[in-house]
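Thank you all for coming; I would like to take a few minutes to walk through one model with you. Please have the sequence and the coordinates open as we go.

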Amino acid sequence: MTTTTTAPPAGAQPGTPQTASPASPRKRGHRGNRTPGEGRMAALLLSPTLLVLALVIVYPLLAAVHQSLYRAESGLDADGFVADVESFVGLANYADLFVGETGRRFLNALGNTTFFTLTTVFLETVLGLCLALAMNRAFRGRSFLRASILVPWAVPTAVSGLLWRWIFQSDGIANTLLGSEILWTAEGNASRAAIIIAEVWKTAPFIGLLVLAGMQVIPGEVYEAAKIDGAGWWRQLGSITLPLVKPTLLVAVLFRMLDALRMFDLPFVLIGPGKESVETLSMLAWDESNQLRYGSASAFAIMLFLYVAVVAIVFVKVLGADVTGAKELKLISKKSRTKATRTQKAEATR
Amino acid sequence: MTISDLRNAAKDSGASGASGAGTPGASAAVGRSGKPKTGKPKKQRTWRSYSVYVGLALIFAYCLAPFYWMLVSSLRRTADIFDNTLLPAPFSLENYAKVFDGSTMFGQALLNSLIVAGTTTVFALLLGVFAAYAISRLNFRFKSVILGVIIATSMFPGIAVVVPLLRLFTDLGWINTYQAMIVPSLSFAIPLAVWNLTTFMKALPFDLEEAAMIDGCTKWQAFRRVLLPLAAPGVFTTAILTFIHSWNEFIIALSMINDPRIQTATVAISKFTGATEFQAPFGEQMAAGVIVTVPLVIMVLIFQRRIVEGLTAGASK
């Protein structure tokens, strides 16, 4: 939509047919004006990034898969000393995810993760939309508003966990204001509520900002036309604003969901590790690796990775979230292609 | 530049469209409790501006109240930490003095955070600028695939990196070193940088570089002398965002480090324990939290426009 903000190609001017630089004669390949030099240069420029990513993402992923097939067991080594021996156990670590004590913890963590993700993302989206609608109408103090809305976003999650733990102390400000005596930071539903409140506080402004940006590129004429046609505020919201911010909102919701699925810092600092009612998959995997049970920790991490991947794929394939801006890229190459054809035509008319 | 121009234009037209008082229901944007208005337009207008201000005040309170409470609590004395007054009754810097008294090594932790976040940002930008140039300016096969892969890596759950690397770094003897935090941090910093820079560079017009190449510049010279200066604001914004993300990083630093001399500030404050076992040192924790957050808040205040632009550039197309 706003992708066409780049200036239209000026190649059509009669005086500049040389835009295809004479030094590198462009071969018109099967897909656009690609030159062999460009491909080589791209490979050269991209390879450091891809190499580092392979090192910090692909290698750990493969190592985790490998590790998840092993299990450390205490045994006697060759000299008769007690030692940890790693033995290949196949898919046993994965089978254990659904039975016994490990299974109970895993399913509990899976449930918590899903619960937190759904509730926080839902509340954030609703609240973020309201924030964006309110900000879109504010003309005075907009920059001050924008600065203050960035504060929750900028507060480190660990600090926000600490901050909310202080607010939710048994004799803290939350209980004073509510006149209640809830033990927010112990186990139970109150601690879940505390996590949700703290998470929504921190992230709703982020969604609000993204949605606001989406709203601000809707031309005013559309609303004027709707007004002339007699559409009320709700009708405008439902028929213009929401459909037009939907692509933005979809991307924002996807990012928030993926972030919420790997939630770790907040429950870790706010409630603490090893609390059943708030333990997420990330916390469980961390706890396992802390106990040096790398095999099951890796299995948990892999399951979380698969979970995240499935959610991302559903969003991109089924709901059509345009995350990479692929449409935009196509537009660019199309633009340069038309430019090239124009150049050719100009050369032909000479 | 062009993007912000267009946005401003759209903003203005949107503003004029919205302010052209017309529909009765329009004021419901902020104050939904508003009854359907049948009064004179003038009266309706004042009511609406009030409702807008109420809405704004609510947003301010929502965003700033928890942070304000942290600030106020940090300025109380330990004895009145449980006071509920809106201002610290006897104003005291006692907590700040305690945070820096040496036993907690909090100053060292701040320095560590600066080193780790700074190095991560520099590396991510260095790699990101070249990758973003290739993606936004060059034509090559598998371009969307590569960008897709880079963005997909940013969705990677941190724990799936931490568990295997913890093992590897233990074997390498990297536990309690800076590189044990910097290298894993690149896994989220690089995708962030590449993506942001790509969006910025795509928004810059091709024509200037083309003109430079017509004038005899090579592609590399056009990149270095024309595109890079133009993209400098984008690079700067990306640097801020990457720095904030790395500064706020927690799980990697928590897992890779157990030596208080190397740990970063976010981990250090989460491990603050007081002299007594029964009472957590909330005042000190709040003071430390304020210290960790204030640099970010100052950055946010100064560069808010850029940060918002950077945050929203990728998502709103």
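Let me begin with chain A, which has 13 helices and 2 strands, where helices (H or I, at least four residues) and strands (E, at least two) are DSSP runs numbered from the N terminus. Please bear in mind that this is a predicted model, in which local features need pLDDT of at least 70 and side-chain atom pairs count only at pLDDT 80 or more, while totals for chains, interfaces and linings use all residues. Residues are numbered from 1 along each chain as its sequence is written, and chains are lettered from A and ligands numbered from 1 in the order in which they are written.

Of the 350 residues in chain A, 40% are buried; a residue is buried if 20 or more other C-beta atoms lie within 10 Å of its own, exposed if 12 or fewer, and partly exposed in between, with C-beta atoms placed from the backbone.

Turning to the core, the largest nonpolar core holds 175 residues, and the members touching the most others are A:A301 and B:A160. Such a core is a set of buried Ala, Val, Leu, Ile, Met, Phe, Trp, Tyr and Cys residues joined through C-beta atoms within 7 Å. Leaving aside residues up to four places away in sequence, B:A160 touches several residues of chain A, among them A:P60, A:A301 and A:F305, contact meaning that the C-beta atoms, placed from the backbone, lie within 7 Å.

A:W166 sits in helix α5 (residues 157-167) of chain A, and it counts as buried because 25 other C-beta atoms lie within 10 Å. With the same exclusion of residues up to four places away, A:W166 touches A:G172 as well as B:S73, B:F282 and B:M286.

What does helix α9 (residues 219-247) of chain B span between its end C-alpha atoms? It spans only 36 Å, whereas a straight helix of 29 residues would span 42 Å at 1.5 Å a residue, the expected span being 1.5 Å times one less than the number of residues. In α9(B) there is a kink of about 50 degrees at B:A232, shortly before the proline B:P233; the bend is the angle between axes fitted to the seven residues ending there and the seven starting there.

Finally, some backbone angles. Most residues other than glycine have a negative phi. B:F142, in the loop between α4 (106-137) and α5 (143-154) of chain B, has a positive phi near 60 degrees, and B:F142 is exposed, with 12 C-beta neighbours inside 10 Å.

How values were computed
Contact = placed C-beta atoms within 7 Å.
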